[in-house]
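Colleague: Could you take me through a few features of this structure, giving the general idea and then the case at hand?

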Amino acid sequence: MSNLISCVSWVKRGISAHQPSKYVLDEKELERVSTLARIELEDARIEMERAHNAAKSMGKGAEGAEADDADEDGDEDAWVDEKDASMEVDGDVQVDVPEKGDDLAQYKLDEYDDDDVKEDGTGPFSNIKGLTFYRDNQDDPYITLKDDVEDDERSELEILPTDNLLVTAKTEDDVSQLEIYVYDESQDNLYVHHDLMLPNFPLCLEWLDFPPTSSEMETDAPPKFGNYIAVGTLDPEIEIWSLDVVESMYPDMILGRPDQTAAHVPVPAGTGKKKRKKTKHRPSSNAYHVDAVLGLSWNRSHRHMLASASADRTVKLWDLSRPIVDGEGAIRSFGVHKDKVQAVQWNEKEPTVLLSGSYDRTVRVFDSRAPDTGVGAVLGADVEALRWDPWETHAFYVSLENGLVLNFDARALPTDIKSPSPVRFTLSAHDGAVSALDVSPLLRGCICTGGTDKLVKVWNVDQTAGGKPAVSMVASRDMEVGKVFSAVFSPDDPLTIAAAGSRAKLQIWDVGANSGARRAFASKLSEAGRVLKEKEGGGLVGLVDDDEASEDEGDEDD
């Protein structure tokens, strides 16, 4: 598996804790972790048992592909190790080899402890009777400047109110993790703060401020605010992690049933001797996902609600205020698509309305209270990403695999999916899939796209007198992240974009550093009360790795 960053998520300034706490494995946490570990061990046992039975049914025995080694084991006695053979040949030759004890006798090691130490009255340290070694400088009376390790750690973990956090879902050398960065816009400084290990390849991220309720918490307590990230992976479960705790071992909450899901029990597709049968879809469940989680969306009005889209063809709603106990899971499950559901998003202006896009080449808009009365549109390619327009209640964007970006008005869509679906405008954005799409929350009519052609583009959408929007490209840039998998606007700066992709590298682009972009958005920036200052360096900020730093130093020396 190649190195890459599959998705990026911003955290607004002032949200993160000033001093993140360290993970503590106390008795209460140990009990929770033990429960999760028991489930994982049970999964492993089921997998082994199912694989064993499947292998036997295919006539390969318990070892499957390794069954051919059984015949070789029988002839193990016939094999002779080269070292053993050489030793047997030389066995008759008598060679006088001195024992190690005789070899070291000349050094009289046994008498070293009996020697009397002769004290010499001369020398620079003759007036010092002895030297005392202290393992800790805190105990040494001669060291007056004490090392405060805790203060150093606190200063390293400190997050200022002017700092943004960025969360990336990174996979490197088959190891998946969340890397949490700190970005200081005033200093153009970006660095890794901490990381969290993940059990499988991450596919989507969604930030939320609602503290998930565990079974030990009181459900009647008033909801508080926090700093959390929900993660969807190739596993059917959704993990929710606190971003204010470093060195965490386990997530704060897991949505799903790892002890029940069929996705944890793989079934071999065949022996390889015959034509393999087409893989059957796993039976879906209304309580939990049974395949990879491809999309997540948090409801900012009803803060305890989280929507998820999955490869099991369903969209599910989760209530984070309820403890996940046996027999309970998602509160609603919607089967409005016929193929994998790639993306889902709540409408911020109408918080009960969901937008979803699928590999069945359709988008659906429906009320979560009455999904059967929804509307939709048929598209010409698979859905890559979608976004509601925060400036227009019923407008949304959809990016496709064929390089197009479509804009729809949900009020004009038919209830019958086979009927024609009018498009407000079509944008030919990239040469290849438009894998990243976002709409600026701070500038009206400003959108960004990213594609497999390795470019990130910024577009200006203006409303004309005739009512049809006029779209123009403002800026385009290769951000040196490879194929772009994620491009997201900052929640604090109107023209700042974070992008990442196939090179496993995070880059931040201040589009306002481009004079043409400042002119194009001048009127909109004025309406929003924003003033952009020209910056040096082209507005691109990234993490400098050790290899690049050493190359730069070498160039300077030359």
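Colleague: Which residue of β18 is the bridge partner of arginine 364?

Modeller: Strands here are DSSP runs of E with at least two residues, numbered from the N terminus, and two strands pair if DSSP finds at least two bridges between them. The partner of arginine 364 in β18 is glycine 376, and five bridges join β17 (residues 362–367) to β18, the two running antiparallel. This is a predicted model, in which local features need pLDDT of at least 70 and side-chain atom pairs count only at pLDDT 80 or more, whereas totals for chains, interfaces and linings use all residues. Residues are numbered from 1 along each chain as its sequence is written, and side-chain values use heavy atoms, with hydrogens and water left out.

Colleague: In what order do the four strands of the open sheet lie?

Modeller: The order is β15-β16-β17-β18, with antiparallel pairing; β15 (341–346) and β18 (370–378) are the edge strands, each pairing on one side only.

Colleague: Is threonine 449 buried or exposed?

Modeller: Buried means under 20% relative accessible area, exposed over 50%, and partly exposed in between, using a 1.4 Å probe and protein chains only. Threonine 449 counts as buried because its relative accessibility is 0%, and this residue lies in strand β24 (residues 446–450). Its side chain joins that of tryptophan 459 through a polar contact of 3.0 Å, that is, a pair of N or O atoms within 3.5 Å, where within protein one must be able to donate a hydrogen and the other to accept it, and residues adjacent in sequence count only if both atoms are side-chain atoms.
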